[in-house]
Amino acid sequence: MKSMIRAQEKKGWFWSIAPLFFCLIWAGGAFARSATQVLVVAPQEFVPASVGVRYTLTSAGLGPLCMTQGAGYFLARVAVPVAARIEGIEAVFDDVSDDAFGVVALFRTAETARELLALTPMSLARPLREVSAVQLPQPEVVREGFQYWLHLTLTGPGVCLRAVRVLYEAG
């Protein structure tokens, strides 16, 4: 009889904490699903938006994108999965110019429309390596039928793009 009571006590003890255990597992999964992910867009992924742009990719094409003369505009596609929520962008610049700057914009395009979603602050030549970041006021949910693009502006020599990071949560 005593062994039966002990077995019942043990069974009751397990079932009294089981809901807590399952809640912790569910909450841990929810936190893992909501973790911010980072898509790194390398300088090599940017293509000139017009002809005649004078630029270089240093380190045998694997380094930063730099203007050699004048200003330049570049585009790169943002490849995040559908239903992801884009939260912000960060641009990493090397800026030693007092006159030129770099800036990155995030656009959403459709068949007939183009909409600006975010624009980083301008690089300011201090310090040499600078991270220029912007958070979207409301996360942008990536939808079918839209494309997302980064538009890079470098206004002169002395400003180089090292990378752009797109911060998003998987949907």
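Predicted model: local features only at pLDDT ≥ 70, side-chain atom pairs only at ≥ 80, totals over all residues.
A residue counts as buried when its relative accessible area is under 20%, as exposed when that area is over 50%, and as partly exposed in between.

Start with Arg-108. Its relative accessible area is 10%. Arg-108 is therefore buried, because the limit is 20%. Its salt-bridge partner is Glu-115. The closest N and O atoms of this pair are 2.1 Å apart. Glu-115 has a relative accessibility of 38%, so this residue is partly exposed.

Now turn to Arg-143. Arg-143 forms a salt bridge with Glu-140, and here the closest N and O atoms lie 3.6 Å apart. Arg-143 is partly exposed, at 38% relative accessible area. Glu-140 is buried, at 9%. These residues belong to one network: Arg-108, Glu-115, Glu-140 and Arg-143 are joined by salt bridges that share partners.

Another pair brings Glu-169 and Arg-85 together. They form a salt bridge, with 2.9 Å between the closest N and O atoms. This pair links distant parts of the chain. Glu-169 sits in strand S11, residues 159-169. Arg-85 sits in strand S6, residues 85-95. Glu-169 is buried, with 14% relative accessibility. Arg-85 is partly exposed, with 28%.

Why can such pairs form? Side chains of opposite charge can pair when their charged atoms come close.

Step back to the whole structure. A search finds 6 salt bridges in total. Among them are Glu-169 with Arg-85, Glu-115 with Arg-108, and Arg-143 with Glu-140.

Notes: Residues numbered from 1 in each chain as written. Heavy atoms only, no water. Salt bridge = Lys/Arg side-chain N within 4 Å of Asp/Glu carboxyl O. Helix = DSSP H or I, 4+ residues; strand = E, 2+ residues; numbered from the N terminus. Buried < 20%, exposed > 50% of the residue type's maximum accessible area, 1.4 Å probe, protein only.
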